[in-house]
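Biologist: Before we discuss this protein, could you put it on the screen and take me through the terms one at a time?

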Amino acid sequence: MQKTDVLIIGGGPCGLSAAIEIKKMGLHPIVIEKGNIVNAIYQYPTHQTFFSSSERLSIGGIPFITEERKPKRNQALVYYREVVKRTGIEVRPFETVLAVEKKEFFEVSTSKNTYQAKYVIAATGYYDQPNKLAAEGADLPKVMHYFKEGHPYFDQDVLVIGGKNSAVDAALELHKAGSRVTVSYHGPNYSQSVKPWILPEFDGLVRNGEITMLFDSLVDRILEDSVELTVNDVKETIPNDFVFAMIGYHPDHNFLKKMGIVIDPLSGRPEYNEETLETNVEGLFIAGVIAAGNNANEIFIENGRFHGEQIARAIAGKESVY
């Protein structure tokens, strides 16, 4: 069993930020990540441009400098790799946390090791848990919840489900790659959250008939070569080769519950102190978007990156009384 002061579950920007702040205190943190650092950002589409400025994505006091105001996915990957190198925080990649048990200390079992830690910080994000469609056929291999790039879908009939940024981005890239794109969105009009610099282009393609936009629509059934929908209370069937269900993500509530964290059944929000981010389990903290429960639009990298400072202050206060 390996001993450490603080074990951090999740190597995204918020987990890395927490590790940096803990290390500044003189304690030794270890970050356990089932992929590699900022794995969720790696899973973003290859063309992804962030909504935020590079300054608001920076962590640990290390500047994130880009020529453009809004950085791209690859620039972010380079930046966070450099942060880990410069700060020297210890990251254990490709290692999955299996169980966290509170005894005198926390005992954490992973796919590769067993750890003992005085404190644990869960910064697991939500990107690994896509929301699922209720429609029949939603589990077919042709249905995907992540979009990487459009090339494989050239000359294919593709349905994109959703009306927010991820759906609009995917539809644009698929259209550029030569897909025949239909977008199904349950709302009566475009979502207010769509990035203002991409909506005019998307709407222009819809108006020109190059992308088919179905407002007030729900998917009823997905078949091997078609999709059945209800559009404005009218049943429609359209040809289809692939479906991208870009309908959001949610935290892994079961994992949090297994650690003993109380979860509000309605909001999905964990029980924690908003000042310290300590949960109902003493010594167990949360950081990042999982603090918002089901409302993934409440916490982003921009504000979640400060959770590490809050937690470090709380742990410093605890250490001072021992």
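**A sheet and a helix**

Modeller: An open sheet of three strands has the order β11-β12-β13, with antiparallel pairing, where strands are DSSP runs (E, at least two residues) and helices likewise (H or I, at least four), numbered from the N terminus. This is a predicted model, in which local features need pLDDT of at least 70 and side-chain atom pairs 80 or more, while totals for chains, interfaces and linings use all residues. Residues are numbered from 1 along each chain, and side-chain values use heavy atoms, without hydrogens and water.

Biologist: Why do β11 and β13 stand at the edges?

Modeller: Two strands pair if DSSP finds at least two bridges between them; β11 (217–222) and β13 (234–239) each have a single partner strand, so one side of each is left without a neighbour in the sheet.

Biologist: What makes β12 and β13 a pair?

Modeller: Six bridges join β12 (residues 226–231) to β13, and Ser226 stands opposite Pro239 in β13.

Biologist: How do you know that the span of helix α3 agrees with its length?

Modeller: The expected span is 1.5 Å times one less than the number of residues, so the 15 residues of α3 (73–87) should span 21 Å, and its end C-alpha atoms are 21 Å apart, which agrees.

Biologist: Which residues of α3 are called buried?

Modeller: Buried means under 20% relative accessible area and exposed over 50%, with partly exposed in between (1.4 Å probe, protein chains only); the buried residues of α3 include Leu77, Tyr80 and Val84, whereas Lys85 and Arg86 are exposed on the face turned away from the buried side.
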